[in-house]
Amino acid sequence: MAQTFETVGVVGLGTMGAGIAEVFARAGVQVIGVEADDAALDRGRGHLDRSTGRAVTKGKLTEDDRSEILGRITLTTSREDLADADLVIEAIPEIMEFKRGLFADLDRICKPSAVLATNTSSLSVTAIAASTSRPGRVIGMHFFNPAPVMKLVEVVHTVVTDDGLADDIAALARRLGKTPITAGDRAGFVVNRLLLGYLNHACALLESGLAGRDDIDAAMKLGVGLPMGPFTLLDLIGLDTSYEVCEVLFRETRDRRHAPAPVLRELVTAGLLGRKTGRGFYSDAEGAPAAEGDRRAASVSTVGIVGAGPEAAALVAALDGAGFKAVVAENSDLAPVADADVIVALSDRPIVELAVRIPHPDRLAGLHLVGDDVAEVASTVLTSEETAGAVRDLVKILGRTPVMCGDRAEFVVNALLYAYLNDAVRMLESGYASAGDIDTGMRLGCGYPAGPLEMLDAIGLETVRDGLRALYAEYREPSFAPVPLLDQLVTAGVPSIREYAG
Ligand code: 3HC
């Protein structure tokens, strides 16, 4: 018979633990929240008060509902109070030694039928289970930050998990209003394995100087429609947790892209952990960026456009409408734009080859339109600051957000996006997760507008495959090479990876 869970313990009431306690209490479950000492318990109470208070302020909860929810949560510093719990979820720091010590303790305290679950982001559930005398009753129940908001729970089973337990925990997740996906005990499970590779890649691009923090964040948020840019999200997750997940991923995959970016180590060592310490990539004290006037475009009257087709025509019309004189040239003959004040080459590939063919290479920048809201502005080593500034201002005049970057393969958006999509295909190809679970995981775990395989189908398999080839040719990073499955689908003319995966 399916096991039901009426009393649930949560050990560790940091951001995640408090969020998990709230989720259970909202679903009518009695919760016992445990912290190490009174000070930590007070902090946990603070998280609960703030989160439910915010819901009242927003009119999502009445004061009565709030009191009822908080009334279902008993707070204690004694683990012994968990003796009668049907399920205990651990949400303490990601240190294996601590987790194993806690689980050995819970194994002693909790009744034999109780299930012991870990909310670990990436540590081995099997290793945690092995510290108990009931490894079959130990499972991963992985929530996403902020737990009250994100709709996904990853249910992580090991090779020794009792039959049926993953189904019972999945049913419980549904009762909490969440969607479960099940995953095996591999580093990062489904979501963190894809997410942290991408976030770490963003750190590497930042460190390489390709683009700045705000540009990369704007590119991914506005260009791809993600709820947050990578650095804002890293700050939300916590840089210590992010570092740890990357470290665990790297140990398992030996993929250099998972080796935590040095900037993460530096920030973590300096105690700048993100939102929880008030400073990480961003600082709470930081004001909004100063507004910049459209200064440099003021000296521009003629804009040269290298490009063809509807994108070039639309740009000409928009520039005309904004009072600029637009002249157009095609790649094969750049003479018509040679004397323009600034020249933009519409391209999703590096443009330095064009720069060396014109008399004023300092006046040329690449322009890559991303969706309806963003334009990447790529500077070659010859582009002058004046030109880059003028093109940035023109982009703003045209109603798009400029993303300033270097002239490298796939610039910012596609470099980050395509590598992530390739990782998703690799996961599918390895048989580790189904197409549906991969897509659901990223949509509900991270609030993405679409899952990676849905995005791949929408962009086009061949476009992504060719972009990956260009990335690989430039960076020689083995994991940028298109996964064989992607290559084969393109060669075979299969238009949809999700249809192929069934
Ligand atoms: N606690 C409770 N509720 C919160 C909250 C919090 N910390 N933060 C936001 N909310 C609620 C708000 O009250 C609001 O609720 P409403 O729609 O009912 O009014 C809703 O979330 C939207 O919040 P806001 O309007 O203030 O802000 P946004 O629209 O910018 O949304 C966000 C905030 C939900 C965090 C959104 O930006 C998002 O989805 N970001 C992506 C988060 C993500 O990727 N999480 C996964 C990280 S990976 C992970 O956790 C795994 C780990 O192992 C590393």
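# Ligand shell, pocket and annotated domains

A polar side-chain atom of H142 sits 2.7 Å from an oxygen atom of the ligand, a polar contact in the sense of two N or O atoms within 3.5 Å. The protein covers 69% of the 1000 Å² of accessible area that the ligand has on its own, by the Shrake-Rupley method with a 1.4 Å probe. This is a predicted model, in which local features need pLDDT of at least 70 and side-chain atom pairs count only at pLDDT 80 or more, while totals for chains, interfaces and linings use all residues. Residues are numbered from 1 along each chain as its sequence is written, and side-chain values use heavy atoms, with hydrogens and water left out.

**Around the ligand**

- The ligand has 21 residues around it, and K60, S121, H142, N145 and N192 come nearest; a residue belongs here if one of its heavy atoms lies within 4 Å.
- S121 places a polar side-chain atom 2.8 Å from an oxygen atom of the ligand.
- With N145 the backbone takes part: an N or O atom lies 2.7 Å from a nitrogen atom of the ligand.
- Helices α2 (38–57), α7, α9 (230–237) and α16 (435–446) each supply at least two residues of this shell, and α9 gives the most, with 3 residues; helices here are DSSP runs of H or I with at least four residues, strands are E runs of at least two, and both are numbered from the N terminus.
- By class, the shell holds 12 nonpolar, 6 polar and 3 charged residues, with Ala, Val, Leu, Ile, Met, Phe, Trp, Tyr, Cys and Pro as nonpolar, Asp, Glu, Lys and Arg as charged, and the others, Gly among them, as polar.

**The second largest pocket**

- Helix α7 (residues 191–208) provides the largest share of this pocket's lining, 6 residues.
- The lining has 25 residues in total, and H201, A204, L205, S208 and Y475 lie nearest the pocket's centre.
- Of the lining residues, 12 are nonpolar, 7 polar and 6 charged.

**Annotated domains**

- An unreviewed UniProt entry annotates residues 7–185 as "domain: 3-hydroxyacyl-CoA dehydrogenase NAD binding"; such annotations may be inferred rather than shown by experiment.
- Residues 7–185 are 40% helix and 22% strand, with end C-alpha atoms 26 Å apart.
- The UniProt annotation "domain: 3-hydroxyacyl-CoA dehydrogenase C-terminal", also from an unreviewed entry, covers residues 188–283 and 411–493.
- Residues 188–283 are 64% helix and 0% strand, and their end C-alpha atoms lie 28 Å apart.
- Residues 411–493 are 72% helix and 0% strand, with 27 Å between the end C-alpha atoms.

Definitions and conventions
On a 1 Å grid over the protein atoms alone, a cavity is a set of points where a 1.4 Å probe fits but cannot get out, and a pocket is an open set with protein on both sides within 12 Å along at least five of seven lines; lining residues have an atom within 4 Å of a point. A polar contact is a pair of N or O atoms within 3.5 Å; within protein, one must be able to donate a hydrogen and the other to accept it, and residues adjacent in sequence count only if both atoms are side-chain atoms.
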